[in-house]
Amino acid sequence: MRPGGLPTQQPGTPGRARRRPDLTLPMPQREVATSLAVPLPLPPAAASAGGPTPPGVTAPAPAAQQQQQPPPLAELERVRRVGSGAGGTVWMVRHRGTGRPYALKVLYGNHDDAVRRQIAREIAILRTAEHPAVVRCHGMYERGGELQILLEYMDGGSLDGRRIAAEPFLADVARQVLSGIAYLHRRHIVHRDIKPSNLLIDSARRVKIADFGVGRILNQTMDPCNSSVGTIAYMSPERINTDLNDGSYDGYAGDIWSFGLSILEFYLGRFPFGENLGRQGDWAALMCAICYNDPPEPPPTASREFRGFIACCLQKNPAKRLTAAQLLQHPFVAGPHPQPLAAPPPS
């Protein structure tokens, strides 16, 4: 899994779109991720207390079940590095007593007391998140002024660079991610950085959202400009240019734009606004394309359901985008015969 806020984009080949491989199993071990969340008021559809739980949303587990103490740091053996960048390094570690694997993100730099307290508060919140489509945060350690975050390990790595051309499989991926987004939004959490590198998969085709919580704090304290082109590429038009929506930004709707763009990228095997725009540092061209071009669409060969689904996500007007709970009712992901999660057993 990949570290949150770390650059994930690689230079493309000018003048030629790089075709991505279809996603197959078993998948290679890849990088891991952590952290990025912003508490906000509930969206209007979910604001009524005591109402029915929307589809795809799982009620939080009791606090007694969620607050199990993480294993002591001394009992975690580093196995191999699975990701690194400007903000830190992620290791695959194994608990010596049980053999259980985890992802351990080691954050670079010494952080002042205010940042440490804020990170500790957000870790406490993230540890209560309990959903099949959200990467678990088990806890945080401090050693020698260094912060280390213990996370669930996903053996398939991120979906960055993967092509998913089969619509049934893509629908299942979209359904899982949407259920996680709906859960986070229900808990007043806006991710703000949904993109392929923050969507992780395991060998059973379970997909989970990573990189929510601590990354936002580190971006503000270590990199005020938030200069990752990969992050900008998935921002909604109104977040890049506040003039487009009278200065108003709805983080919930912003997550839906980023989600829709990511799902379309999986289908196309390239960044939807243009391979070179997504892979190179031409900020001006990238932001103009997002803000002023028509939203990208699937090709005519795609199913009507998929084309309609993407259109519901990539509305330039954020008020016209469906919520995660509403999208879970769309025919593309709510079909009667969902793709099985696990690979078929050997005959």
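I began with serine 236, which I found in the loop between helix 5 (229-232) and helix 6 (237-240); helices are DSSP runs of H or I with at least four residues, numbered from the N terminus. I was working with a predicted model, in which local features need pLDDT of at least 70, side-chain atom pairs count only at pLDDT 80 or more, and totals for chains, interfaces and linings use all residues. Residues are numbered from 1 along each chain as its sequence is written, and side-chain values use heavy atoms, with hydrogens and water left out.

Is serine 236 buried or exposed? I noted it as buried because its relative accessibility is 1%, where buried means under 20% relative accessible area, exposed over 50%, and partly exposed in between (1.4 Å probe, protein chains only). Leaving aside neighbours within four places in sequence, I listed Tyr249, Gly254, Trp257, Ile290 and Arg321 as the contacts of serine 236, a contact being heavy atoms within 4.5 Å.

I located lysine 105 in strand 4 (residues 101-107), a strand being a DSSP run of E with at least two residues. Lysine 105 counts as buried because its relative accessible area is 1%.

For the chain, I wrote down 11 helices and 9 strands, and I recorded that buried residues make up 54% of its 347 residues. Among contacts with a separation of 6 or more, 74% join residues 24 or more positions apart.
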